[in-house]
Amino acid sequence: MDDGVLIVGGGLTGLSTALHLPASASWQLFEKDARPGGHARTECRDGFYFDKTGHWLHLRDPGIMSLVGELFPGDRSSHELTKVDRKARIYSSGVLTRYPFQANLFGLPPSVISECLLGFIEAQQDARSTEPAQNFADFCDKRFGKGISRHFMLPYNRKLWGVDPSEITAAWCSRFVPIPKLADVVKGAVGDTPPELGYNAHFLYPREGGIETLVHRIVEKLPKERLHKGAELQQVELQTKTAVIGGDRHRYSAMVATLPLPELCRRIIDLPSHLVPFVDALRCTPVRYLNVATKVPPRSDYHWLYVPEEKYPFYRVGVYSNAVPSMAPPGCGSFYVELSERGSIDVAKLVPDVLDALVAAGVLHSKEDLLFADLREIEYAYVVFDDNYYPALAALMPFLEQHGIYPRGRYGSWTYNSMEDCLMLGRDVAAQLTSPSGMLKKK
Ligand SMILES: Cc1cc2nc3c(=O)[nH]c(=O)nc-3n(C[C@H](O)[C@H](O)[C@H](O)COP(=O)(O)OP(=O)(O)OC[C@H]3O[C@@H](n4cnc5c(N)ncnc54)[C@H](O)[C@@H]3O)c2cc1C
């Protein structure tokens, strides 16, 4: 039997694809886990809610804004989706400063401010500053100068990506790394604070239930009989356009594959051997994090904190309950702590060490605040944009599309993106499939 479009994966990309395909279209969605949502799921323990670390919704696309508006109807008074003005801080050199570092040097020790300011001015005067950067470390040096690079950009990104910034190409970062003007850097250094910079000056978030509420709202709009949970894609045969899912064989005219690209490719039994090295070249780093619950309110009012210095075993700490109080019981706090260690860890030692560091960094009043700290891991977190990245994608993507497979989403497209991007990718692939030249079969 031909099932039309097979959507593999029930994260936001797969769900958005399903939502945007016309009701008359033949499609089925298969999710390997018991619950849809993928990285946008929320865990609840004893009245504390935790996403897979902070999942704040930043919207810029008018179509997605109106979709989210439809999913969360009601006016401000019905409080389904809350708009939060970002309070992001950085902890370094023993002080808290505002984000982004490069435009908010005020409050840092004078020696650090002068090193950063002089470095920024020198970088601007250097004729090479406008030349294309060789890699992300070079991008930081050329655009921000040595001081800002040394005190924030390089150590923070080394902890975040789990690889040295010199291994990462510069191409990924233009949208996500705000570059201020000299005037803003100087104003930020003397405390004449510039307006919030960057792509995420405010964000939206469900008033109740964590980010998974967004997932539920989409699922409610889809026909239940076409959503298959606990259904893992095991094998694909390109020649016959057949997929084995949960032991059953399905023919497809098109497949929207949102599982990680290497996982997809390794399931294709007739993938030509010359493509295998490209699959093997794809790199991604995992992330470990702690869900932390405290029996007292958070010590500070920020939503998240960047911690660049190597001596701290985490690079970002977020406070869900500061953004949305329902994320913790009254008088308590719910946090996420993103850990820099990717290698082997001694779990028994890890939590006490992290708690000490959280107290030292001023996140917690004391270790006694703790109710529980649960360690979690995201296997696929950050795709590494190294030199092999673009050749691998250039070889794999057109080949798969020629065979009716459309890899989409953060890990399907093998990229760095946001929830909104995934909603857009789902919408756009649905439009592509239903266009006159698309591959969609009517039900
Ligand atoms: C640490 C971290 C923090 C983030 N913070 C933010 C943020 O603040 N704001 C923001 O907008 N975005 C954030 N993101 C990005 C956001 O999580 C993703 O862009 C988005 O959730 C990805 O959705 P997806 O559907 O493409 O992939 P996924 O969510 O990974 O969905 C893929 C689905 O496929 C399923 N699957 C896998 N293998 C198979 C198989 N063989 N068969 C069937 N199903 C399979 C999985 O179980 C999963 O449900 C963050 C991401 C990370 C890692």
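A: A residue counts as buried if 20 or more other C-beta atoms lie within 10 Å of its own, as exposed if 12 or fewer do, and as partly exposed in between. The model is predicted.

Start with T53, which lies in the loop between strand 4 and helix 2 (62-71). T53 has 21 other C-beta atoms within 10 Å, so it is buried. Its phi is near 65°, a positive value in a residue other than glycine. Most residues other than glycine have a negative phi, and most peptide bonds are trans.

D46 also has a positive phi, of about 50°, and is not a glycine. D46 sits in the loop between strand 3 (42-45) and strand 4 (48-51). With 10 C-beta neighbours inside 10 Å, D46 is classed as exposed.

Next comes strand 6 (residues 88-92). Four of its five residues are buried, so strand 6 is largely enclosed by the rest of the structure. Strands of a sheet pair through backbone hydrogen bonds, either parallel or antiparallel. Strand 6 runs parallel to strand 15 (residues 304-306), and three bridges join the two. One of the pairs along these strands is A88 with W304 of strand 15. Strand 6 is also joined to strand 7 (residues 95-98), here by four bridges and in the antiparallel sense. In that pairing, I90 stands opposite T97. Strands 6 and 7 form a hairpin, with two residues between them. In its turn, S93 has a positive phi of about 50°.

The peptide bond between Y99 and P100 is cis, with omega about -5°.

Further along is helix 4 (residues 136-161). A straight helix of 26 residues would span 38 Å at 1.5 Å a residue, while helix 4 spans only 11 Å between its end C-alpha atoms. Helix 4 bends by about 120° at G145. Of its 26 residues, 21 are buried, so helix 4 is largely enclosed by the rest of the structure. Just after helix 4, G162 takes a positive phi of about 75°.

The loop from helix 4 to helix 5 (182-190) holds S166. S166 has 14 C-beta neighbours inside 10 Å, so it counts as partly exposed. Leaving out residues up to four places away in sequence, S166 touches N135 and A137. S166 and Y380 are 214 residues apart in sequence, and their C-alpha atoms are 21 Å apart in space.

Eight residues of domain 2 are in contact with nine residues of domain 3. On the domain 2 side of this contact there are six nonpolar residues, one polar and one charged.

Last, there is an open sheet of five strands, ordered 9-2-1-13-19 with parallel pairing. Strand 9 (227-228) and strand 19 (405-407) stand at its edges with a single partner strand each, so one side of each has no neighbour in the sheet. Strand 1 (residues 5-8) pairs with strand 2 (residues 27-30) over four bridges, and L6 has Q28 of strand 2 as its bridge partner.

Conventions: Residues numbered from 1 in each chain as written. Predicted model: local features only at pLDDT ≥ 70, side-chain atom pairs only at ≥ 80, totals over all residues. Pairing = 2+ DSSP bridges. Contact = placed C-beta atoms within 7 Å. Nonpolar A, V, L, I, M, F, W, Y, C, P; charged D, E, K, R; others polar. Expected span 1.5 Å × (residues − 1). Bend = angle between axes of the 7 residues up to and from the residue.
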